[in-house]
Amino acid sequence: MVDDNPKMFRRIFDAQYPSCQSVCDRFPRTTEHLAEELKPSATGLNSDTYMRLVSGGYCTVCGIWAGGPPVSSNLAYRLCGQHRCRRQLCTANYTREYRCISAKTDFRLKPKPPGAAKHFLPIEASDWIPYLDDLDIRGHQLRVLGNGRYPLRDLEKTWEDLRFFVPAHLRYSRWSIMDITSPKGHQVVQKYREQAKRYHALESIYKSLAESRMADTKLRKCIKKSNLAKLREVALEREVPLEKLQDDPLVQRILAAHLHDLAHVYLATFRDLQLPGQQPVKTHSPQSSDAEAVSETSK
Ligand SMILES: [Zn+2]
């Protein structure tokens with residue numbers, strides 16, 4: 001039960017991830033197909049399964065525990081935060097560029113042997129193949145939805161399942177699952193249609209999580225900049241280089257803690273600091289600090 005895991009609940013609360021109920025309200029048609037164990041309770045509470053899904057799991061690349069929500073639109077892939085894992089997931093060992101399917105070109109089943117024939121997935125494949133949108137190996141910023149990569153194992157699985165049912169004359173050109181005519185092929189197609197419904201249900205959660213993370217990233221940047229500006233102001237008042245204050249362990253702890261909590265640092269907090277070899281800058285009374293606090297929280 002949720003109450004048995006207060007730490008997990010706290011983590012979701014702190015991160016301000018969207019509740020499953022809010023996702024269902026926003027995407028009523030697709031979330032109908034969510035697995036029962038993921039759906040919110042009758043009173044709108046997150047299920048234990050949903051909480052676990054968004055709060056953490058194991059890194060797809062290295063296998064160590066990774067806090068935070070999944071990075072793929074089917075909620076199956078995670079990253080631990082190490083840059084090398086992020087980089088690995090962007091290689092052809094794990095993923096292919098998004099345009100593989102959207103452009104309906106250049107998907108080869110295996111990278112080896114060199115020169116192997118290129119096979120095309122059906123035009124409907126993006127209805128069930130997940131994407132990893134927030135991977136940017138040049139930085140750690142979330143990217144705009146739609147600029148991602150496809151997991152290789154999902155691409156290969158689709159091809160393995162459908163390859164024997166593709167009409168021979170269509171194998172190397174654009175084709176649709178509607179072109180499959182054999183009864184057994186129809187069964188497989190039906191399986192993928194059902195899979196597409198479940199996939200779009202999970203994608204609804206993913207989109208909401210990704211948007212929440214993007215908003216969080218923007219806010220984090222804004223707060224970081226604002227807190228640094230205040231520190232710069234105090235550095236000017238003390239007539240010391242900003243870098244000197246930034247090097248102080250206490251200042252670093254204050255900046256990190258406020259960034260973690262997405263909170264603005266009071267100017268008075270920096271002014272009152274007792275740093276080695278320096279006098280605190282006492283230009284504000286406690287009353288003015290309170291006024292500043294009200295002003296900051298109203299921002
Ligand atoms: Zn990892």
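What is the mean pLDDT of the protein, and what share of its residues reach 70 or more? I looked this up before anything else, since the model is predicted. The mean comes to 78, and 75% of the residues reach 70 or more.

Residues 136-146 have a pLDDT below 50. I still find 15 contacts for this stretch in the model, beyond near neighbours in sequence. Residues 285-299 also stay under 50, and for them I note 10 contacts beyond four places in sequence.

By element, I find the lowest mean pLDDT, 43, in helix α12 (residues 286-297). The highest, 94, belongs to helix α3 (residues 28-31).

Overall make-up: I count 12 helices and four strands. Of the 299 residues, 27% are buried. For contacts with a separation of 6 or more, I get 57% from residues 24 or more positions apart.

I then turned to helix α7, residues 152-162. Which of its residues are buried? I list Asp154, Leu155, Thr158 and Leu162. Why do they fall on the same side of α7? They do so because their arc around the axis is only 105°.

What does the face turned away from the buried side of α7 carry? There I find the exposed residues Arg153 and Glu160.

Last entry: I checked what the buried residues of α7 pack against.

Definitions and conventions:
Residues are numbered from 1 along each chain as its sequence is written. This is a predicted model: local features need pLDDT of at least 70, side-chain atom pairs count only at pLDDT 80 or more; totals for chains, interfaces and linings use all residues. A residue is buried if 20 or more other C-beta atoms lie within 10 Å of its own, exposed if 12 or fewer, and partly exposed in between; C-beta atoms are placed from the backbone. Helices (H or I, at least four residues) and strands (E, at least two) are DSSP runs, numbered from the N terminus. The arc is that of the directions from the helix axis to the C-beta atoms. Two residues are in contact if their C-beta atoms, placed from the backbone, lie within 7 Å. pLDDT is the predictor's confidence in each residue, from 0 to 100.
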